[in-house]
Amino acid sequence: MPKLSRAVNIEDLRRLAKRRLPRSVFDFFDGGAEDETTLRDNRAAFERVRLLPKVLVDVRQVDTGVDLFGVRANLPMAIAPTGAIGAGRNGADLMLARAARAAGIPYTLATPATNSIEEIADQAGGRLWFQLYLLKNRDFRMKLVARAKAAGYEALLVTVDLTTGGKRERDLRNDFSAPFKPTWRNARDFPLKPAWLLDMARHGVPQMKNLEGMVQSSPRLTDVAASVGRELDASFSWDDLKALRDAWPRRLLLKGIVRPDDAERAAAAGCDGVVVSNHGGRQLDGAIASLDALPEVARAAGTKLTVLVDGGVRRGVDLLKARALGARAVLTGRATLFGAMAGGEAGAKRAIDILGGEFERALMLCGVRRAADIGTDLLAQENR
């Protein structure tokens with residue numbers, strides 16, 4: 001794909017994705033909650049960090065790999081869970097999973113994915129993590145956990161920052177819902193997007209396969225765009241976490257932690273890690289940027305938890321900044337998703353290659369031989 005080869009950064013892939021997708025679908029992926037303050041601040045937080053590079057270090061060969069839960073990852077990076085992405089390209093979840101396996105990094109499947117737990121395990125393989133929404137149907141929720149366990153998933157990421165759906169105003173204006181349902185309002189530019197339209201015509205509008213068989217509730221006023229929003233258990237508490245810990249014998253992480261005291265409670269509850277996250281700015285607008293929350297959470301976690309961070313990653317140097325601020329690795333959501341939307345599996349690989357190449361260059365220019373050696377000494381004083 002010549003257009004992919006000309007994409008020199010993630011923003012180029014974003015523009016290609018925007019060109020291919022109907023406005024309503026692109027805005028669902030690209031947008032955030034309300035005024036999108038947190039969405040913008042996630043990116044701005046990375047841009048505020050300044051580095052102090054070392055010089056006269058032999059960096060002819062650098063090692064970009066890190067230990068992630070006892071296994072080497074070729075980059076300090078995993079693919080974040082992104083739901084309902086089949087609305088943009090049929091089989092997109094599978095494409096991202098295969099790209100992650102080829103790159104030697106983990107992939108996280110979302111609960112509302114359009115490829116099933118079993119399809120990803122059978123057709124992609126690699127290091128697989130499963131992101132669990134806390135559905136109020138406890139029996140169905142535990143069946144998802146059992147399915148991920150039976151399929152050999154390595155880790156369970158429990159999303160804890162989603163008690164109700166955020167108010168994503170782009171989706172309201174575009175009449176977008178998940179699962180995607182074409183309407184006169186969101187279909188007006190379909191004829192202008194022939195590649196997307198042909199994909200949907202061939203395969204049909206994908207459904208959330210992991211949620212098949214779950215009884216749907218009636219809509220509420222707090223539901224905004226995603227039907228899964230009305231299925232969430234707003235009563236789930238720290239006391240309820242024990243049942244998940246008992247049912248899942250492998251790595252257990254809480255995704256959506258921004259407070260150091262919550263990280264301490266996660267360690268006490270027997271979790272293996274946390275993901276510092278504000279859900280990509282898609283839920284509570286005005287929440288702290290994930291990267292700004294990272295240092296205090298990392299200090300509270302100490303050696304008891306593996307700390308990851310997501311939100312705003314667009315450059316390879318962001319991986320270096322995140323590690324310097326206390327994360328073991330980042331999770332990329334939109335960055336790799338834009339690649340998949342632009343060019344399928346090849347586009348997802350291109351996104352990973354761009355980030356990996358930029359990260360390797362950042363290591364060399366900062367005088368660091370190994371990603372494992374990144375420390376706070378690379379941060380300018382105001383960022384320490």
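1. How closely do the axes of helix 11 (residues 260-268) and helix 12 (residues 290-301) approach, and at what angle do they cross? The two axes come within 8 Å, and the crossing angle is roughly 35 degrees. Here an axis is a line fitted to C-alpha atoms, for helices over the stretch in contact, and angles run from 0 to 180 degrees between N-to-C directions. Helices (H or I, at least four residues) and strands (E, at least two) are DSSP runs, numbered from the N terminus.

2. The model is predicted: local features need pLDDT of at least 70, side-chain atom pairs count only at pLDDT 80 or more, and totals for chains, interfaces and linings use all residues. Residues are numbered from 1 along each chain as its sequence is written, and side-chain values use heavy atoms, with hydrogens and water left out.

3. Helix 11 and helix 12 cross in a right-handed manner; a crossing is right-handed if the near helix is turned clockwise from the far one by less than a right angle, and left-handed if anticlockwise. Pro260, Ala263 and Glu264 of helix 11 meet Glu296, Val297 and Ala300 of helix 12, where contact means heavy atoms within 4.5 Å. By class, four of these residues are nonpolar, none is polar and two are charged. In this scheme Ala, Val, Leu, Ile, Met, Phe, Trp, Tyr, Cys and Pro count as nonpolar, Asp, Glu, Lys and Arg as charged, and the others, Gly among them, as polar.

4. The axes of helix 7 (residues 138-150) and helix 10 (residues 238-247) come within 10 Å and cross at roughly 30 degrees. Helix 7 is therefore roughly parallel to helix 10, a term for angles under 35 degrees; those over 145 count as roughly antiparallel, 65 to 115 as roughly perpendicular and the rest as oblique. This crossing is right-handed. Helix 7 contributes Arg138, Met142, Val145 and Lys149, and helix 10 contributes Ala243, Leu244 and Ala247.

5. The protein chain as a whole contains 14 helices and 10 strands. Its radius of gyration is 20 Å, close to the 21 Å that the globule rule gives for 384 residues, so the chain is as compact as a globular protein of that length. The radius is taken over C-alpha atoms, and the rule is 2.2 Å times the number of residues to the power 0.38.

6. Is Arg20 buried or exposed? Arg20, in helix 2 (residues 10-20), has 10% relative accessibility and therefore counts as buried. Buried means under 20% relative accessible area, exposed over 50%, and partly exposed in between (1.4 Å probe, protein chains only). Leaving aside neighbours within four places in sequence, the contacts of Arg20 include Trp196, Asp199 and Met341.

7. Leu365 lies in helix 14 (residues 334-365) and, at 62% relative accessibility, counts as exposed. Beyond neighbours within four places in sequence, Leu365 is in contact with Pro53 and Lys54.

8. Ala84, which is not a glycine, has a positive phi of about 60 degrees, and Ala84 is buried at 8% relative accessible area. Asp175, likewise not a glycine, has a positive phi of about 60 degrees, but Asp175 is partly exposed at 31%.
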